[in-house]
Amino acid sequence: MSNKVNELALMAILTSLVVAATALHVPMPGFRIYFNLGEGVIYIIALTWGSRYGAMCGGLGASLADLLLGYPLWAPFTLAIKSAEGFIVGHFARKSRNIALLAGASVMITGYAAVAGLLYGPKAILIEIATDVVQTGIGAVLAVTAMPILRKAVGRYSPPDKQQSR
């Protein structure tokens with residue numbers, strides 16, 4: 001029972017970190033889209049704790065940030081896109097960190113470009129792609145830079161979903 005409580009508490013903390021990092025945002029003029037730092041946190045979570053944590057914390061945290069920042073129309077799309085991104089990064093993390101980040105970024109960029117085009121028309125697609133390429137690039141650099149520092153600070157930690165239950 002306490003293992004489940006610990007997992008839930010960790011997920012809540014990690015989700016709140018995604019919300020906070022996403023809340024540090026820069027709106028793009030002319031469209032209801034914005035640049036944020038949540039990507040790096042989602043990547044760190046997925047690389048460290050795996051696909052389940054990446055999907056749940058990334059999707060919930062980013063969609064909650066959309067609601068809090070006044071972008072409710074985007075929240076359901078964000079939930080799906082960021083959940084898929086976090087899952088994919090976590091899934092491929094054990095095989096290749098670089099492939100994991102590239103695959104996750106591809107899902108994110110493609111998903112948001114499609115939704116921006118649907119909601120705002122073709123002119124929004126290029127702005128969305130440009131914003132997302134920068135956002136995923138900065139997020140990947142942040143994650144790759146932070147991972148060794150975090151590992152050194154807290155030691156190796158195996159994901160709760162990989163630990164055996166007692």
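These questions and answers walk through a predicted model of one protein.

Me: How many helices and strands does the protein have, and in what pattern do they follow along the sequence?
Reply: The secondary structure comes to 6 helices and 2 strands. Read along the sequence, the pattern is α-β-β-α-α-α-α-α.

Me: What share of the residues counts as buried?
Reply: Buried means under 20% relative accessible area. The protein has 166 residues. Of these, the buried share is 46%.

Me: Of the contacts with a separation of 6 or more, what share comes from residues 24 or more positions apart?
Reply: Here a contact means heavy atoms within 4.5 Å. Take the contacts with a separation of 6 or more. Residues 24 or more positions apart account for 71%.

Me: Which helices does the salt bridge between Glu 7 and Arg 52 tie together?
Reply: The closest N and O atoms of Glu 7 and Arg 52 are 2.4 Å apart. That is a salt bridge, because the cut-off is 4 Å. The two residues are 45 apart in sequence, so the pair ties together separate parts of the chain. Glu 7 lies in residues 2-23 and Arg 52 in residues 51-69, so the helices are H1 and H3.

Me: Which helices hold Glu 39 and Lys 82?
Reply: The side chains of Glu 39 and Lys 82 meet in a salt bridge, at 2.6 Å from N to O. This pair links distant parts of the chain, 43 residues apart. Glu 39 falls in residues 38-49 and Lys 82 in residues 75-92, which are helices H2 and H4.

Me: About how many helical turns separate Glu 85 and Lys 82?
Reply: Glu 85 and Lys 82 also meet in a salt bridge, at 3.9 Å from N to O. Both sit in helix H4, 3 residues apart. Therefore their separation is about one helical turn.

Me: Which residues are linked in a network of salt bridges?
Reply: The whole structure has 3 salt bridges. Lys 82 meets Glu 39 in one, and Lys 82 meets Glu 85 in another. Both Glu 39 and Lys 82 are buried, and Glu 85 is buried as well. The network is made of Glu 39, Lys 82 and Glu 85.

Me: How many aromatic pairs are there in the whole structure?
Reply: A search of the whole structure gives the total of 3. In one of them, Trp 74 and Tyr 112 form a tilted pair, 5.7 Å centre to centre with 35° between the planes. Trp 74 is in the loop between H3 and H4, and Tyr 112 is in helix H5. The number of aromatic pairs is 3.

Me: Why is the pair of Trp 74 and Tyr 120 called tilted?
Reply: Planes under 30 degrees apart count as stacked, and over 60 as edge-to-face. The ring centres of Trp 74 and Tyr 120 are 6.1 Å apart. Their planes stand at 35°, so the pair is tilted.

Me: Which helix gives the most to the nonpolar patch on the surface?
Reply: The patch consists of Met 56, Leu 60, Leu 64, Leu 67 and Leu 79, with about 420 Å² of accessible area together. Leu 64 is partly exposed, at 40% relative accessible area, and lies in helix H3. With 4 residues, the helix that gives the most is H3.

Methods: Residues are numbered from 1 along each chain as its sequence is written. This is a predicted model: local features need pLDDT of at least 70, side-chain atom pairs count only at pLDDT 80 or more; totals for chains, interfaces and linings use all residues. Side-chain values use heavy atoms; hydrogens and water are left out. Buried means under 20% relative accessible area, exposed over 50%, partly exposed in between (1.4 Å probe, protein chains only). Rings of Phe, Tyr and Trp (its six-membered ring) pair if their centres lie within 6.5 Å; planes under 30 degrees apart count as stacked, over 60 as edge-to-face and the rest as tilted. Patches are made of residues with over 30% relative accessible area and no salt bridge: like charges are joined within 9 Å, nonpolar side chains (Val, Leu, Ile, Met, Phe, Trp, Tyr) within 5 Å. Accessible areas come from the Shrake-Rupley method with a 1.4 Å probe; for residues, only the protein chains shown count as cover.
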